[in-house]
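Please keep the model open while you read this note. Find each part on screen as it comes up.

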Amino acid sequence: MKRRTFLGSAALAAAGNLMAGEARSDEQAGGTPAVGRIEEKPRSIPVVQDCDVCVLGGSCTGVFAAVRAAQTGARVAIVEKQNAFGGVATSSLVNIWHKLYSNDGKQQIIGGLTGQVIERLERIQAVTSHGDGKRHFTLNTEELKIELDRLVVENGIRPYLHTFYAAPQIEGDRVTAVFIENKNGRQAIRAKVFVDATGDGDLAKDAGIPFEIRSGLQPPTTCAEISGLPDTILKLIEEHREEFGLARDHGWGSLVPSSDGVRMCAYTHVFNTDASDANQLTAAEIEGRRQIRAYMDIARKFGGSDNEPCLVDLPSYIGVRETRSFTADYKLTEADVLSCKRFPDAIANGTYHIDVHNPTTGRFEFKEPKGDFYQIPLSTMVTHKAPNLVLAGRMISTDRGAFGGVRVMVNLNQVGEAAGVAASLAGSRAEPVFQVDAESVRKGLANLGAIVI
Ligand SMILES: Cc1cc2nc3c(=O)[nH]c(=O)nc-3n(C[C@H](O)[C@H](O)[C@H](O)COP(=O)(O)OP(=O)(O)OC[C@H]3O[C@@H](n4cnc5c(N)ncnc54)[C@H](O)[C@@H]3O)c2cc1C
């Protein structure tokens, strides 16, 4: 794939959402040339909420941002296009959270809402802790959905489910409102500060923040929950893949806690996909499900008479690893992660190694950090180009290698919490988010029970 870099222009931002939409090239709109154009009549849009912080995207990153903003006194809205919160962790069935301890196992480096959610799930046997929390956790993703609902409700956040962020209203370099679409039609939410937790950075793109779509994107995977699979399933797939139309690939799976042998299967990849392109995303959804049918057929044919494979669940959407990567005030590098560099504006700590899924073979290419843990600075989430926008999630400013480590959920959960505190502070102080001092954010996080180092 050709490396593409898109630079936002101040002029485009200044003209607001209409120009941003018009300026979108056919390539950006999906690689398919338009068959014509029609003019949309200007219409008056109801503003359904005025708030301090509006979070777009309701993965754990987004929910944790909303919770922390609410807990620091902000009036908060959260907009999610699916019917439930959790993003990849729920709607795409991905059920592993990595360890909360440093590599030497001596120091707890992650707590906060990640720790609280794990404790809440432990009470209902919806999480399995491997190695006493020092290796990883497997979660029941459906119970996680309910826990996230509870967090949103308990913290007085106004939720919008089944609601798509569509476009921004921009004045100067500020996002003043976002247009959303749901069963009630097109509406607007006004906020002092916006947190983009859409994974793809949909608002950041529309606001003109520079981004790139790297060559060799990590390919997406359609996961599935399946019972009755033979233990040898990965070997069987490798032996019979050609007959069933599967490429050479590399996958993994894990048991769903407290289930009767139901496995979460991430056995294949949909190669050559940029999931931020609607047409490629559509094709990938269909191909991902075809792959699952193919390995179910392998299991049925070669799995032996003791096994009765049953497809228990498919995800609401394909698991997307990587799309747009934005440039914020600091770009975290592979060298920062591998050397476990410390940052004065650190808001998250992580140990997950650099893990890049090869774009053509699916192989996991690992590099191990040389130290106890690395850090993610606040400056990867804010930019002088956008005074009231915070990036939270896999789109934060990283190079390819750093992204391979940062992208896991225990890291991004902390990024979400920091985004919420930073957004809330910027709103209450009426100052740009890039000017909010990191010490205040770190203090705010620590006061709320997060581990800040
Ligand atoms: C197959 C697979 C396996 C993985 N395995 C692991 C693992 O074992 N452990 C781990 O920790 N990490 C794993 N990862 C990585 C990790 O899951 C993701 O990097 C992480 O979940 C990304 O979080 P996010 O909040 O940035 O985005 P997402 O989880 O993608 O959340 C984005 C949210 O925004 C919503 N949204 C998007 N656009 C809009 C819009 N326009 N309007 C409204 N809502 C919108 C989405 O519906 C979604 O809820 C895996 C990823 C994949 C794909």
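The points below go from the whole chain down to single residues.

1. Ground rules. This is a predicted model, in which local features need pLDDT of at least 70, side-chain atom pairs count only at pLDDT 80 or more, and totals for chains, interfaces and linings use all residues. Residues are numbered from 1 along each chain as its sequence is written.

2. Overall form. The C-alpha trace spans about 65 × 60 × 40 Å along its principal axes. Helices (H or I, at least four residues) and strands (E, at least two) are DSSP runs, numbered from the N terminus.

3. Of the 453 residues, 49% count as buried. Buried means 20 or more other C-beta atoms within 10 Å of the residue's own, exposed means 12 or fewer, and partly exposed lies in between; C-beta atoms are placed from the backbone. Two residues are in contact if their C-beta atoms, placed from the backbone, lie within 7 Å. Take the contacts between residues at least 6 apart in sequence: 77% of them join residues at least 24 apart.

4. Two domains. Domain 1 covers 49–216 + 322–447, and domain 2 covers 224–313. These bounds come from an automatic or database domain assignment. The domain centres, taken over C-alpha atoms, are 29 Å apart. Their contact takes 21 residues from domain 1 and 16 residues from domain 2. On the domain 1 side, S5 and S6 are the elements that give two or more residues. That side divides into 8 nonpolar, 10 polar and 3 charged residues. Here Ala, Val, Leu, Ile, Met, Phe, Trp, Tyr, Cys and Pro count as nonpolar, Asp, Glu, Lys and Arg as charged, and the others, Gly among them, as polar.

5. Helix H4. Which residues of H4 (112–122) are buried? They are Gly112, Leu113, Thr114, Val117, Ile118 and Leu121. Their packing partners include helix H3 (60–71), helix H5 (141–154) and helix H11 (409–429). Strands S4 (96–98), S5 (127–130) and S6 (136–139) are also among the partners.

6. H3 against H11. These helices pack at an angle of about 35 degrees, with their axes 7 Å apart. (Axes are lines fitted to C-alpha atoms, for helices over the stretch in contact; angles run from 0 to 180 degrees between N-to-C directions.) The residues in this contact divide into 12 nonpolar, 6 polar and 2 charged. Phe64 and Ala65 are among those on H3, and Leu412 and Val415 are among those on H11.

7. Glycine 350. Look in strand S17 (residues 346–350). Glycine 350 counts as buried because it has 25 C-beta neighbours inside 10 Å. Beyond its neighbours within four places in sequence, its contacts include Phe373, Tyr374 and Val406. Valine 406 is 56 residues away along the chain, yet the two C-alpha atoms are separated by 7.4 Å.

8. Positive phi. Glutamine 125 is in the loop between H4 and S5. Its phi is near 50 degrees, a positive value in a residue other than glycine. Glutamine 125 counts as exposed because it has 11 C-beta neighbours inside 10 Å. Cysteine 340 is in the loop between helix H9 (334–338) and S17. Phi of cysteine 340 is near 55 degrees, also positive. Cysteine 340 is partly exposed, with 18 other C-beta atoms within 10 Å.
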